[in-house]
Amino acid sequence: MCGIVGYVGKEKAQDFLISGLKRLEYRGYDSAGIVTLGEDGKDTLVRAKGKIVNLEDKLKHNKTADRVGIGHTRWATHGEPSEKNAHPHRAGDLFLVHNGIIENYKELKKELSDHKFESETDSEVLAALINSFYEDGKYPLVNAVVQALKLVKGTYGIAVVSKKNPNEVVVARSGSPLVIGVGHDETLIASDASALLGHTKQAIYLNDGEVATVTANSVDIKTLNAEPVSAKVEKIETNLAAIQKGGYEHFLLKEIMEQPDSLTETLRGRVNLEEGIVHLGGPGIPEAELRKIKHLVIVGCGTAYHAGLLASYYIEKFTPGITIETVIASEYRYRQAYVPEDSVALIVSQSGETADTLACLREIKKRGVRTVGIVNAIGSTIAREVDGGTYVHVGPEISVASTKAFTSQVIAMVMFGLTIAQAKGVKHSILKPYVTEIARLPEEIGKTLKESEKAVKDIVKKYADYEHGIYLGRDTAYPTAMEGALKLKEIAYVDANAYAFGELKHGPLALIDDRFFEFALLNKGELYDKAVSNVQEVLARGGHIIAVTNVEKFDLAVESVIKISSDIELFMPLLMNLVSQLFAYYMTIAKGYDVDQPRNLAKSVTVE
Ligand code: F6R
């Protein structure tokens with residue numbers, strides 16, 4: 001979603017603003033802009049619709065040596081993607097960039113008749129509002145910002161600069177992340193720490209309700225109620241290599257292929273293979289409390305939701321006396337759902353910033369329910385607000401479509417389930433096979449990726465022109481099918497849906513015709529024969545089936561087969577999901593679409 005950068009220091013601000021915005025490109029955007037301010041009171045505002053290269057083209061004629069500035073990548077919410085709606089927005093002598101949504105912008109706008117609005121955005125309203133206080137002469141700028149923010153309903157991460165004092169940037173946040181990078185005689189601002197890498201590893205993460213005045217050598221933080229906050233400088237753990245393509249053509253392929261390593265990081269220090277147990281320190285729940293847990297609520301959006309759903313299938317298999325409800329955050333936050341006593345909520349998020357998931361977390365906490373984060377981004381808002389948590393440690397996920405995070409989220413949640421089961425005294429013989437397979441997964445993932453890539457490339461030729469697909473699975477392969485369909489939908493723009501095999505007869509079977517292919521996940525196990533009967537029903541209606549299977553002697557007369565030779569049993573759906581990921585990737589290449597930044601989507605959905 002939208003990205004913010006800012007600079008004040010001794011170097012040319014434009015250089016960092018552009019390189020920082022490029023780092024944030026992965027979040028998804030449709031226009032971009034920067035402004036820099038000179039000591040002579042001159043401003044240079046450059047904005048462009050589309051990719052950052054368009055902005056760079058325009059900048060060729062607008063180079064400055066100014067040492068303060070702010071920049072933004074916009075993902076349209078109010079008003080179409082266009083140059084005039086792109087940030088920064090000007091009001092009087094000041095400029096503002098904004099992430100988030102100002103919900104009461106219409107009411108506020110009515111009171112700002114002196115300002116000539118140039119855009120359709122809610123953000124320009126905030127710029128004008130700050131300026132209305134600033135013009136009153138209530139200098140410093142931070143005072144005007146605070147007065148304006150007190151009137152605002154909604155979410156924001158903002159950076160503001162003024163020609164009256166081109167030596168400072170004022171930043172504030174509520175519900176939208178902002179990080180301040182502390183350098184040598186320079187201070188940098190970004191909505192995502194990855195933009196700061198290469199400049200500094202020292203960061204201050206602003207909290208909701210805080211506002212900071214930033215100069216080249218100082219960071220002065222206060223709450224909106226003017227209470228001073230002492231800045232906590234933290235180390236950024238990510239390194240530059242982790243946010244580069246490392247020889248791959250696309251981040252997505254890199255992230256799919258690095259799953260053996262990313263899962264190894266998830267497991268590091270958490271699996272004791274000899275004893276057949278797992279150990280998760282992060283949730284911090286005493287054993288006596290773990291024993292009491294009767295109910296889990298798992299909350300997430302999109303892929304994180306699918307990971308939760310899949311994990312719930314596993315956890316309920318080995319943890320008796322526990323009920324699990326996996327919910328979509330955007331729905332759950334408005335439901336009046338009863339959360340029983342002795343519940344724990346798992347809050348699942350790669351970015352740790354998803355607005356709906358964060359809202360659920362806050363709602364659930366209000367009810368006194370213990371929350372545990374299953375988060376990737378270290379220091380993110382969700383990670384900081386949960387009662388305890390388990391980082392999945394997969395490293396930065398840059399491609400918009402989530403891949404490596406899914407695999408590790410599932411396993412991290414299963415390990416949490418195992419922790420409960422261990423505390424409840426579930427027989428070792430029941431739990432050990434899970435632990436053993438988890439420990440073997442990184443290697444088996446590596447083998448499966450190698451083995452299936454060529455097979456996937458080969459079959460994609462046959463299906464590249466299809467626009468409809470149905471993903472099918474039973475039991476643990478069903479949430480996996482849902483995730484496969486989502487991946488294909490979001491990057492290859494194929495209208496793909498997922499159904500449990502058993503649901504076919506209840507409606508979707510009517511769809512089977514030559515416009516559709518069926519992606520069938522057929523893993524060995526109790527329900528295999530039933531799934532085969534369902535496949536026969538599709539075949540009898542002329543279906544175009546792609547079977548992904550670990551059955552050695554697979555003899556169904558389907559159109560295409562991708563075999564998985566691994567002897568992994570319980571977690572076979574996770575291996576099948578690798579095939580779905582590769583299939584989505586190569587379908588997207590075949591169709592010629594943008595793999596890493598699919599249209600209309602953003603990596604981190606920080607607005608509702
Ligand atoms: C799909 C995808 C999204 C995210 C969802 C939640 O590939 O990336 O569906 O999974 O927006 O994001 P996080 O996990 O950051 O909360």
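## An eight-stranded sheet

Let's start with the sheet: eight strands line up in the order β3-β2-β4-β1-β10-β9-β11-β15, making an open sheet with antiparallel pairing. Helices and strands here are DSSP runs, numbered from the N terminus, where a helix (H or I) needs at least four residues and a strand (E) at least two. Two strands pair if DSSP finds at least two bridges between them. The edges belong to β3 (43–49) and β15 (233–235); each has a single partner strand, so one side of each has no neighbour in the sheet. From one strand to the next, the twist averages 20°. For angles like this, axes are lines fitted to C-alpha atoms (for helices, over the stretch in contact), and the angles run from 0 to 180 degrees between N-to-C directions.

Keep in mind that this is a predicted model, in which local features need pLDDT of at least 70 and side-chain atom pairs count only at pLDDT 80 or more, while totals for chains, interfaces and linings use all residues. Residues are numbered from 1 along each chain as its sequence is written, and side-chain values use heavy atoms, with hydrogens and water left out.

## Who pairs with whom

Strands of a sheet pair through backbone hydrogen bonds, either parallel or antiparallel. Take β1 (residues 3–9) and β10 (residues 186–190): five bridges join them in the antiparallel sense. If you look for V8, you'll find its bridge partner in β10 is T187.

Now hop over to β9 (residues 179–182) and β11 (residues 202–205), an antiparallel pair with three bridges. There, I180 has I204 of β11 as its bridge partner. β11 also runs antiparallel to β15, again with three bridges, and A203 stands opposite E234 in β15.

## Helices on the sheet

Which strands does helix α1 lie across? Helix α1 (residues 13–24) lies across β1, β2 (31–37), β3, β4 and β10, and runs at about 155° to β1. Helix α2 (residues 52–59) packs on the sheet too, touching β2, β3 and β4, where contact means heavy atoms within 4.5 Å. The direction of α2 makes about 140° with that of β3.

Helix α17 covers residues 572–591, which is 20 residues. From its first C-alpha to its last, α17 reaches 29 Å, close to the expected 28 Å. That expected span is 1.5 Å times one less than the number of residues.

## Salt bridges

K51 is partly exposed at 32% relative accessible area, and D594 is partly exposed at 35%.

E11 and K10 form another salt bridge, with 3.8 Å between the closest N and O atoms. E11 is partly exposed at 41% relative accessibility, and K10 is partly exposed at 41% as well. D513 and R515 also pair up, their closest N and O atoms being 3.2 Å apart. D513 is partly exposed at 27%, while R515 is partly exposed at 48%.

Most residues other than glycine have a negative phi, and most peptide bonds are trans. Here are some spots to check against that. The peptide bond from H87 to P88 is cis, with omega near 0°, and P88 lies in the loop between β4 (68–74) and β5 (89–91).

D342 is not a glycine, yet its phi is positive, about 55°. You'll find D342 in the loop between α10 (329–332) and β20 (343–349), partly exposed with a relative accessible area of 30%. Y493, also a residue other than glycine, has a positive phi near 55°. Its place is the loop between α15 (477–492) and β24 (495–500).

How values were computed
Buried means under 20% relative accessible area, exposed over 50%, partly exposed in between (1.4 Å probe, protein chains only). A salt bridge is a side-chain nitrogen of Lys or Arg within 4 Å of a carboxyl oxygen of Asp or Glu.
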